[in-house]
Amino acid sequence: MADQDRSEIIRNNPIGSSLKAFLTLFNSLCESKDIPYSGEALDQLNNEDIQDLISELLPTLQNLPIARLLSSRTRGTLRSDLLRLEASLDSGDFDFDRVKPLLGAVVAEKHDEEIWDQVYRALTESTPPPRIIASRLQQTPSSRNLGSLVNSSERRVDTDPIVKEDLGPMYVDIPQFYEVFFSGITELESASQTIFEKCCEGSEPFFRKGWTGWPRDAQEPDVLSWLQKIVEQLTQWSQNYRRTPARGLLAEPNKPLGGSTAKRKLDVGIVTHPEALAHWSQILIPGELKSNPDDDQKDGAWFDIGRYVREVFAAQDTRRFVLAFTLCGPLMRVWEFDRLGGIASTRFDINKDGLRFVSTILGFLWIEERELGFDPTIITTNNKQYIDITRDGMQERIVIDGVVGRVRCIAGRATTCWKAHPEGKPSVTLVIKDSWQYPERQEEGELLLEVTRKGVSNVARYYHHETVHLLNGEVDNIQHGIRKGLDITKASNYRSQQLDLPRDLGTPSISQNGVTGQKRSSSQTGAPLPPSKRSRSESPIKVDPSTLPNRIHRRVIVCDYGQPIYKASSRVTLLRALEGCIDGHESLCKAGILHRDISTNNLMINEDNNDPSRSSFLIDLDLAIPIDRRNASGARGRTGTRAFMAIGALLGELHTFTHDLESFFWVLFWICIHYDRSGRSKSVGEFNNWNLGSMDELAKLKLGTVTREELFIRTVTHYFTPYYQPLIPWVNRLRRVVFDNRQGEDEALYSRMRDVLREAQEDPNLAHT
């Protein structure tokens, strides 16, 4: 950006009084140390004081609109640079002297232009060189959820342990919960009072010191029967007060609902209309019933309602959050689940607080769809869905043609992809990627824009990206856009939730065998394995406990459309596409970007000659990083596809391009085991543990698979599908190239892998069907 352009942006976007909180903190520090208030005071403060000051200043600067307008001196916007600087503060070797001129300019209340000049100087100061092997502070922590499972069974015995992690933290007894989610419903309070009074009238009232028809032992069939009658009566009475959506109660707990990958049942739920089909796409508010009040706990009703919510999210691609309820005996809670986990109201006894029960049921029946979590920025008219964007300063409407894919999870990025096109241009194919990202992470859209501008080959090309804004203009995020500022630290179980950290799945201690780049990584055969058991550990990233977790709703639109590589029309086409994706990875690395998430769903193929999309390409730069990155993003978790992770990455080595190249091998290995000629997949019991086991266990399994050639040949001969049996000698040759790579970080590995794939494409045995 030219200096003149930058000066104009600074003049048009003054800082004003935004730094008042910082100046107040500085004044307090000076008073506590009996130091005169001046810029010279900075030299009398210790590093801890300087860290407190800069930690106050950086988020303030990041949140100023101008931070998104000013350019980075490297890539993206200045805001991205400020985020990276903030993430580096907790590194043991941060030089606090580099930020003192910036602090001094703010304290002296210099002109805005000088303050921003000091910001740029602080960002361009040199930093320590990177280490080859990652410490726990460098690697982004790895976690798992159901969205990361590939070709796995949906049996509860397999998935329930991961669902518990997938649910995220669950906080109960949140103050003001009811007010946040129900206070906006017109006439709810007055109508509830009047209708509850009707319940108490007559010689045979519905309510007299409790609900008169409530079953004493609260068995499920009896509670469902009672609940149906009450809901029908409340619905009838409520029609006298306002026209309401024609919703109904689904109470068929023994009937599996459609729309799930397995036969899942639901106790009870509010559905879109009284005659709605028993399908997860029709469930507005799921409910869980337990006869025992003691089941109102994490391993009881909370977990079960979470499983139902997961199915609702999976079947409804425009849900931002889901409301739900649990009824354990007469004890009721209302829940809200989003991409951070679940939160719940205080529980109440419906037989003691009949008015609140009436108000809750009427709320469920009356609440508008956008307050039930449906995305208001996805507009439906005449059976057509679309979003409006501003691109290059012009309004543009993008019509959604259909869902391409949706990750089945609760807590996490929850990525949804839609095939789409600009309105009036049906021949122009686009893909919209919608996800919930930690604010600490660099925006994928900015990275993709940089990659496209650099002319990187065989990577999906940029069209547009945005942070989603709600109809009131506010950024859509969980803490404010959904939870409206509800404070989870006031939950009755907040302390126990903080202590109940997930098991450490991906951060084993680092062996000293790989301190320099000259030694072979643990991905090479013959490397020592770690002990089989690891002690439980805390998160490897230092996070300020006073900062509540958050996720921001973002969209990226690309102009390349394809199918996952395993849907290739022939074996030769598959190998050619894999070669093209390796080309894309090399091109990406030469542009200074490391992908880090090579998987079956991130390698795409396009065999439509009339489609201008690339014939094969990489997608998903969510976990991509600049190769010269010094510090982790600071984000609290990472969802990876562990079945394809390199052995060294599983063991905690700093991720390099050779780990990604190994992942290409595992993608091909996996496809040959799990897919047939038509691209249909199957679950293979022997490999379910690759999804479900720990990182250490998976590293052992993989190393045992590839170390001895005779064992490898026996394994692939037994497990490769008949269609892929002719690939056995070529996959074995690829194994030798990848795992006998004695050169360490040798970029020639790209060409050696491509040579094998090109030779294989000439094999006449692969051309036969």
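**Figure 1. Both Arg408 and Glu311 are buried in this predicted model.** The two side chains form a salt bridge, with 2.8 Å between the closest N and O atoms. Arg408 belongs to the loop between β11 (394-406) and β12 (416-422), whereas Glu311 is part of helix α12 (residues 298-315), so the pair ties together parts that are 97 residues apart in sequence. The structure holds 44 salt bridges, and the Arg408–Glu311 pair is one of them.

**Figure 2. Arg391 and Glu396 form a salt bridge.** The closest N and O atoms of this pair are 3.8 Å apart. Arg391 counts as partly exposed because its relative accessibility is 24%. Glu396, at 18% relative accessibility, counts as buried, since the buried class covers values under 20%.

**Figure 3. Glu444 forms a salt bridge with Lys433.** A distance of 2.9 Å separates the closest N and O atoms of the two residues. Glu444 lies in helix α14 (residues 444-453) and Lys433 in strand β13 (residues 430-437); the pair therefore ties together parts that are 11 residues apart in sequence. Glu444 has a relative accessibility of 10% and so counts as buried. Lys433 likewise counts as buried, at 10% relative accessibility.

**Figure 4. Salt bridges that share partners join five residues into one network: Arg413, Lys433, Glu444, Asp620 and Asp622.** Among the members of this network are Lys433 and Glu444, which form a salt bridge with each other.

Key. Residues numbered from 1 in each chain as written. Predicted model: local features only at pLDDT ≥ 70, side-chain atom pairs only at ≥ 80, totals over all residues. Heavy atoms only, no water. Salt bridge = Lys/Arg side-chain N within 4 Å of Asp/Glu carboxyl O. Helix = DSSP H or I, 4+ residues; strand = E, 2+ residues; numbered from the N terminus. Buried < 20%, exposed > 50% of the residue type's maximum accessible area, 1.4 Å probe, protein only.
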